[in-house]
Amino acid sequence: MKKNTKDLKSPRNPESKLARHIVTLPKSGIRDFFELVNTMDDVISLGIGEPDFVTPWTIREGSIYSLERGHTSYTSNLGLPSLRKAICEYVAENYKADYDPAHECIVTVGVSEALDLAVRAITNPGDEIIYNEPCYVSYYSEIRMAHGVPVPVPTYEKNNFALDPADLEKAVTPKTKAILLNFPCNPTGATLDMEQLEAIADIARRHDLLVLSDLIYSELTYSGHILPAISSLPGMKERTVFLHGFSKAFAMTGFRIGYACGPFEIIDTMMKIHQYSMLCAPITAQEAAEEALRNGKRDMESMRREYMNRRNVIVKGFNRMGLSCFMPEGAFYAFPNITSTGLSSTEFAKRLLMEQRVAVVPGNAFGKSGEGYVRCSYATSMEKIREALKRIDAFLKSLKKS
């Protein structure tokens, strides 16, 4: 029997059928901007935060060998036991924090999923989560999607964008559930010292707060050592979720593999969400990650040294042309101050792209306190960095003439 197409009606108001707390979320300022970049030729991109190095051969070979052996099945929801054991050994050695691989570690689809699981596992509607800003673009929206209340605490260039514990404590209210930290920081490259870390831990203990510690850039520090995890401090293991992954330090962005370590009760709750959504991380990526932990340190160090060389060139270049830029101690981003141009972050980025074909990210994509800055990734070749600096210098000179 033929249906009458007149009876097949679309919803009168399609948006009314959608989840309101999702519809009102902002789109990523980074992705929107790079939709424009992708339509243009001869663009030097200092935009996307992705290593320009190919994943080291030993790691790629590990994934190839995994496939050759026919390892194509599901794994435990928590991840391969051998990988969890390797992760906990790595964390203990490098971050001085001890975890039980059987009950206090979960392998995820990138650290982004680990963050999402952690936020959802701890957040009840109306709970406040404090975080440092400028910050990774997902933090605000991750908290909102969990029906929590995002509470940004600005950081400032005069303090090298480190989080001031006094400012953090002022943001604490009776509704505060957790502090979300990202140091080394995207987009600023800021780090914390041990005194600041201990002060933040003291705030967490006194106010009975959880801490979500996003350490995805922690190996990419230029001081010569990795700071111990906040969970290694007295009274902090039981209130901290250690979030990490393989994308940045091991150049494994496409493998989408991350992990979280923390108290059993939180990891178990995260696993419940994980098993009903992702189920498990891909086994091939898990076995590649295990190879990275076992044999990837030399390649990681080589990449870190090259990032440091590039950092020195790009920061000195910005300061030489009159754009104040502090020397970041971690990650692979420079965050120059562009207020001297009289342009907003968005205006600066758009005009630089259109007039000189250099792509940078407006600082306000990382929160209100990022206004007046642009993020420039130096995870690209030295040749491109030098050419980009020439074009930016030409752009600044053209502004002075106009």
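Analyst: In this predicted model, β5 and β6 run parallel and are joined by five bridges, and within that pairing I179 stands opposite V211 in β6.

User: What makes β5 and β6 count as paired strands?

Analyst: Two strands pair if at least two bridges are found between them; β5 and β6 have five bridges, so they count as paired.

User: How do you know that β3 and β5 pair as well?

Analyst: The requirement is again at least two bridges, and β3 and β5 share four, in the parallel sense; I130 stands opposite I179 in β5.

User: Why is β5 called mostly covered?

Analyst: A residue is buried if its relative accessible area is under 20%, and six of the seven residues of β5 are buried, so the strand is described as mostly covered.

User: What makes the unit of β5, helix α8 and β6 right-handed?

Analyst: The term applies if, with the strands pointing away from the viewer, the path from the first strand over the helix to the second runs clockwise; β5, helix α8 (residues 194-206) and β6 make a unit that is assigned as right-handed, so its path runs clockwise in that view.

User: Which strands are at the edges of the sheet, and why are they called edge strands?

Analyst: The seven strands form an open sheet with mixed pairing, in the order β2-β8-β7-β6-β5-β3-β4. Its edge strands are β2 (105-108) and β4 (149-154), each of which pairs on one side only.

Conventions
Residues numbered from 1 in each chain as written. Predicted model: local features only at pLDDT ≥ 70, side-chain atom pairs only at ≥ 80, totals over all residues. Heavy atoms only, no water. Helix = DSSP H or I, 4+ residues; strand = E, 2+ residues; numbered from the N terminus. Buried < 20%, exposed > 50% of the residue type's maximum accessible area, 1.4 Å probe, protein only.
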